[in-house]
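These are my notebook entries on a structure that I examined element by element. The sequence and coordinates are placed first for reference.

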Amino acid sequence: MRLLLVEDDKLLGDGVQAGLIQSGFNVDWVRDGVAAELALRTGEYAGVVLDLGLPRLSGLELLERLRRANNKVPVLILTARDRVEDRIKGLDSGADDYLVKPFDLHELAARLRALVRRSRGEATPTLRVGDIELDPAARSVTFRGRPVELSAREFALLQELMLNAGRVLSREQLAQRLYAWGEEIESNAIEVHVHHLRRKLAPELLRTVRGVGYLMPRETP
Ligand code: CA
């Protein structure tokens with residue numbers, strides 16, 4: 001799941017990015033409001049972690065512009081303890097949640113999972129498609145009741161396919177959600193992960209739609 005982190009503080013940004021990657025998110029990090037606006041216009045994100053005090057364009061202004069443009073991406077704002085009015089303004093401007101600095105990285109990850117889940121209209125944290133169960137918080141998968149060991153990328157790929165069950169996802173869409181900017185990616189990387197998933201689960205669970213991409217049927221055969 002791809003997130004945009006908007007934070008100008010180098011140390012904090014480094015820590016948050018590393019923590020979120022550890023929690024299984026794919027994170028693009030920008031350091032000012034204008035870069036964030038551009039990233040959100042060109043990329044597809046499951047959620048945004050937004051610092052309010054930013055160079056060039058403040059977090060609040062960015063948030064207001066996003067919502068005016070009818071961009072509904074879930075946004076969690078990061079605020080300082082003494083800035084209660086910022087939190088109120090942020091929520092009133094369309095933020096979905098906030099955390100006060102300093103915060104716990106596990107709590108940030110949990111809140112982001114909840115935000116993304118709510119934004120997709122899912123009631124329960126566990127994803128289920130046919131006989132596959134995926135728990136995003138525990139980062140565990142079972143198939144027909146048995147645990148399945150997956151690499152971080154395989155897990156991320158399976159999660160995207162389950163979240164979009166019944167819809168075709170192109171290789172480009174999947175690559176964008178699984179890899180960060182500038183990250184080395186082999187041209188056949190997605191095919192290789194799909195191959196491994198089919199082997200570890202069952203071949204019929206991931207359909208290839210020739211020339212388009214991949215599809216996980218809503219009801220598994
Ligand atoms: Ca700042």
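**Entry 1: D104**

I located D104 in the loop between β5 (97-101) and α5 (105-119). The model is predicted: local features need pLDDT of at least 70 and side-chain atom pairs count only at pLDDT 80 or more, while totals for chains, interfaces and linings use all residues. Residues are numbered from 1 along each chain as its sequence is written, and side-chain values use heavy atoms, with hydrogens and water left out.

I then looked up the accessibility of D104, which is partly exposed at a relative accessible area of 41%. Here buried means under 20% relative accessible area, exposed means over 50%, and partly exposed lies in between (1.4 Å probe, protein chains only). I also noted that the C-alpha atoms of D104 and V16 are separated by 9.6 Å, although these residues are 88 residues apart along the chain.

I asked how many residues of strand β3 (residues 47-51) are buried. Five of the five are, so β3 is largely enclosed by the rest of the structure. In a regular strand the side chains alternate between the two faces of the sheet. In β3, I found G47, V49 and D51 pointing one way and V48 and L50 the other way, all of them buried.

For pairing, I required at least two bridges found by DSSP between two strands. Strand β1 (residues 2-6) runs parallel to β3 and is joined to it by four bridges; within this pair, L4 stands opposite V48. Strand β4 (residues 75-80) also pairs with β3 in the parallel sense, over four bridges, and there I77 is the bridge partner of L50.

I placed V30 in strand β2 (residues 26-30). V30 counts as buried, with 7% relative accessibility. Taking contact as heavy atoms within 4.5 Å, and leaving aside neighbours within four places in sequence, I listed L4, L5, V6, E7, A35, A36 and W181 as the contacts of V30.

I found D86 in helix α4 (residues 84-92). Is D86 buried or exposed? D86 is buried, at a relative accessible area of 12%. Not counting residues up to four places away in sequence, D86 touches L52 and I77.

**Entry 2: two helix pairs**

Two packed helices are described by the angle between their axes and the distance between the axes. The axes are lines fitted to C-alpha atoms, for helices over the stretch in contact, and the angles run from 0 to 180 degrees between N-to-C directions.

I recorded an angle of about 25° for helix α2 (residues 33-42) and helix α3 (residues 59-68), with their axes 10 Å apart. That makes α2 roughly parallel to α3. Angles under 35 degrees count as roughly parallel, over 145 as roughly antiparallel, 65 to 115 as roughly perpendicular and the rest as oblique. At their contact, G33, A36, E37 and L40 of α2 meet L62, R65 and L66 of α3.

For helix α6 (residues 152-163) and α7, I noted an angle of about 125° and axes 10 Å apart. That makes α6 oblique to α7. In this contact, R153, A156, L157 and E160 of α6 meet L174, R177 and L178 of α7.

**Entry 3: the open sheet**

I traced an open sheet of three strands in the order β10-β12-β11, with antiparallel pairing. The edge strands, β10 (168-170) and β11 (207-209), each pair on one side only. Neighbouring strands of this sheet are turned by 35° against each other on average, direction ignored. Three bridges link β10 and strand β12 (residues 213-215) in the antiparallel sense, and G213 in β12 is the bridge partner of S170.

Lastly, I checked which helices lie across these strands. Helix α7 (residues 171-178) lies across β10, β11 and β12 and runs at about 75° to β10. Helix α8 (residues 189-200) lies across β11 and β12, running at about 25° to β12.

Terms used. Helix = DSSP H or I, 4+ residues; strand = E, 2+ residues; numbered from the N terminus.
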